[in-house]
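The sequence and structure are shown first.

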Amino acid sequence: MKTTIKITTLLLMLSLSVVSCKDDEFEESIFDTNIGYLDPNSYTYEFDKWLYDNYIVDYNLDFRYRMQDVGSNLDYNLVPVTYEKAQQMAKLVKYLWFDVYETKVGKQFLRDNGPRIIHLIGSSAYNPDSGTEILGTAEGGLKVTLYRCNKLNPKSVDDMNEYYFKTMHHEFSHILHQKKSYPTEFNLLSAGKYNPKTWQDWSDDEANSLGFVTNYAGSEAREDFVEVIANRLVLSDDQWNAILTRAENTPNEEGIKGKELILQKYEIAKKWLAESWNIDIEAMRAEILERQNNVIIHADNLDDLFQDQAADNNNDNQDK
Ligand SMILES: [Zn+2]
């Protein structure tokens, strides 16, 4: 019966959205940084070794794909990620997130500020009461959980952005603004317009016209702030411009100029990233968009992404 309920919930869902930022107590890290736990005879050895080399050694980060009840949200009926999808996700997270930061701000940045645990869950986590779906959570900035990983489709950039990568940039932006506050003037731009309970009822047109890049951005100011960053980072020019066009062309009863508001919000976020974190968001975005195209080209064999990257690095070094 549970399956039926879940599918029904999916069909009735008013909105897919990022519901996050739970400040749950963070459980002590239990991962073993001693390579001795890797068993060369194990079926998963090659992948586990790759995870060890690329995440534990490079970032002191435990990339968990075996579901652990103790680290999962027991309010939902969850299933583990498949081995195949875990491998794809681990490679895509590295290529589209960690390697982007390494290229643009240096490896140390994510060593200092990145999560210590990434936990993959195969299924979604729906909340039937609100008709929303949890896509990711970041607990105290240390642990990022990604849901719905069994539906990962490396051939669809839009799908990957909507369900995973926008979520990662969203959650990571929370981590950054918890360390260095963003200007309070941001909170004034849409003061009194946030809708923490029924934001999911807004259509794209409505949300955009009110000055929010997504309806979830209209839930509260700090969500608004990170949604502006996450959307700008992963959306194509056409997609971003479509938001601005809807914001400009949809009248709202309150006479709010949505497009101007979104652009003002973006300028504050851009300046804050540059001044507080030395991040050029436009340069980072260009890097991400280029990599998204590469993922489509190599969707059938994601390991090729890293071979191309290594070749590029060699060429760069020769150029110098
Ligand atoms: Zn959030």
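Two strands pair if DSSP finds at least two bridges between them. Helices (H or I, at least four residues) and strands (E, at least two) are DSSP runs, numbered from the N terminus. The model is predicted: local features need pLDDT of at least 70 and side-chain atom pairs count only at pLDDT 80 or more, while totals for chains, interfaces and linings use all residues. Residues are numbered from 1 along each chain as its sequence is written.

| Pair | Sense | Bridges | Residues opposite |
|---|---|---|---|
| Strand 1 (residues 62-64) and strand 2 | parallel | three | Asp62 and Ile117 |
| Strand 2 and strand 6 (residues 143-146) | parallel | four | Ile117 and Lys143 |

Strand 2 (residues 117-120) is covered on both faces, with Ile117 and His119 buried on one side and Ile118 and Leu120 on the other. A buried residue has 20 or more other C-beta atoms, placed from the backbone, within 10 Å of its own.

Leu120 is also among the residues with the most contacts inside the largest nonpolar core, together with Met89, Val93, Leu96 and Leu146; this core has 68 residues. Helix 3 (residues 83-105) gives the most to this core, namely eleven residues. Such a core is a set of buried Ala, Val, Leu, Ile, Met, Phe, Trp, Tyr and Cys residues joined through C-beta atoms within 7 Å.

Helix 8 (residues 221-234) is largely enclosed by the rest of the structure, because twelve of its 14 residues are buried. Among them are Phe225, Ile229 and Leu233.
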